[in-house]
Amino acid sequence: MGRHREFDTDQALGRALQVFWQKGYEGASLSDLTEAMGITRPSLYAAYGNKEELFRKALDRYERSYFQFFECALSAPTVRTVVERLLLGFVEAATQESCPAGCLGVNSVTACGDEAQAVRAEVVERRRRSEARLAERLHAARDAGDLPPDRDPEALARYVMTVALGIAVQAGAGAGRDALRQVAADAVATLPG
């Protein structure tokens, strides 16, 4: 019979999330993680698997905690409102005072070495799925007449996600919330309607 865990796995995961968000995947050492989580390496392995699995769990939690705005934005009535809510949601998520600046995914994969390619692929796939969800919503908008028939939903989704990721990069580099809100407003101004 295994020993009872002497720590709250959810709290420890929240602390690991903060370390990954601040330092990126490769920048977060096992020592950084175990110290922040208040556990030993054997406890980390027993509770979460390895560092890569811990990161995936942290990424899942990040999406549940900080990206709820994404699905809400997709349900907005017009393309313009969808894009505005998405971009402003990215601004808010990337500039929270109580969290590291930027985006966990962007911070973690912009400088991945060969040993972190699986993590990079995971983050890229999640971004691809988000872009595909946005493209689906834009197709529906075009079918409903809210997007001109000559606009390519995939290209527009790619543009919006590129601006969103740029917002995250800028936030990570110290850009302020007001400046990034202006970037979002400028991008929304390029839309029809």
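Which residues does Phe 90 touch, not counting residues up to four places away in sequence? Phe 90 touches Phe 67, Phe 69, Phe 70, Met 161, Ala 164 and Ile 167. Contact here means heavy atoms within 4.5 Å. This is a predicted model, where local features need pLDDT of at least 70, side-chain atom pairs count only at pLDDT 80 or more, and totals for chains, interfaces and linings use all residues. Residues are numbered from 1 along each chain as its sequence is written, and side-chain values use heavy atoms, with hydrogens and water left out.

**Overall build**

- The chain has 10 helices and 0 strands. Helices (H or I, at least four residues) and strands (E, at least two) are DSSP runs, numbered from the N terminus.
- The order of elements from the N terminus is α-α-α-α-α-α-α-α-α-α.
- Along the principal axes, the C-alpha atoms fill a box of roughly 60 × 35 × 30 Å.
- The chain has 193 residues, and 43% of them count as buried. Buried means under 20% relative accessible area, exposed means over 50%, and partly exposed lies in between (1.4 Å probe, protein chains only).
- Among contacts with a separation of 6 or more, 68% join residues 24 or more positions apart.

**Annotated regions**

- UniProt places "domain: HTH tetR-type" at residues 6-66, in an unreviewed entry. UniProt positions follow the numbering used here, feature names are shortened, and annotations may be inferred rather than shown by experiment.
- Residues 6-66 are 84% helix and 0% strand. The end C-alpha atoms of this stretch are 28 Å apart.
- The UniProt annotation "DNA-binding region", also from an unreviewed entry, covers residues 29-48.
- Residues 29-48 are 80% helix and 0% strand, with end C-alpha atoms 15 Å apart.
- Thr 34 sits in helix H2 (residues 30-37). Thr 34 counts as buried because its relative accessibility is 10%.
- Leaving out residues up to four places away in sequence, Thr 34 touches Ile 39, Thr 40, Arg 41 and Leu 44.

**Aromatic rings**

- A search of the whole structure finds 10 aromatic pairs. Rings of Phe, Tyr and Trp (its six-membered ring) pair if their centres lie within 6.5 Å; planes under 30 degrees apart count as stacked, over 60 as edge-to-face and the rest as tilted.
- Trp 21 and Tyr 66 form an edge-to-face pair, at 4.9 Å centre to centre and 70 degrees between the planes.
- This pair links distant parts of the chain. Trp 21 is in helix H1 (residues 9-27) and Tyr 66 is in helix H4, 45 residues apart.
- Trp 21 is buried because its relative accessible area is 0%. Tyr 66 is buried too, with a relative accessible area of 18%.
- Tyr 62 and Phe 67 form a tilted pair, at 5.3 Å centre to centre and 50 degrees between the planes. Both Tyr 62 and Phe 67 are buried.
- Ring pairs join Trp 21, Tyr 62, Tyr 66, Phe 67, Phe 69 and Phe 90 into a cluster.

**Phe 90**

- Phe 90 lies in helix H6 (residues 79-94).
- Why does Phe 90 count as buried? Phe 90 counts as buried because its relative accessibility is 6%.
- Phe 90 and Ser 130 are 40 residues apart in sequence. In space they are 13 Å apart, C-alpha to C-alpha.

**The largest pocket**

- The largest pocket has a volume of about 620 Å³. Of the 24 residues that line this pocket, the closest to its centre are Val 123, Arg 126, Arg 127, Ser 130 and Leu 165.
- Two or more lining residues come from each of helix H4 (51-66), helix H5 (68-74), helix H7 (104-109), helix H8 (117-143) and helix H9 (153-172).
- H8 gives the most to the lining, with 8 residues.
- The lining has 13 nonpolar, 4 polar and 7 charged residues. Ala, Val, Leu, Ile, Met, Phe, Trp, Tyr, Cys and Pro count as nonpolar, Asp, Glu, Lys and Arg as charged, and the others, Gly among them, as polar.
- A pocket is found on a 1 Å grid over the protein atoms alone, as an open set of points where a 1.4 Å probe fits, with protein on both sides within 12 Å along at least five of seven lines. Lining residues have an atom within 4 Å of a point.
- Grid points are joined across faces, edges and corners, and a volume is the space filled by probe spheres set on the points.

**Glu 131**

- Glu 131 is found in helix H8. Glu 131 counts as buried because its relative accessibility is 15%.
- Beyond residues up to four places away in sequence, Glu 131 touches Ala 157, Arg 158 and Met 161.
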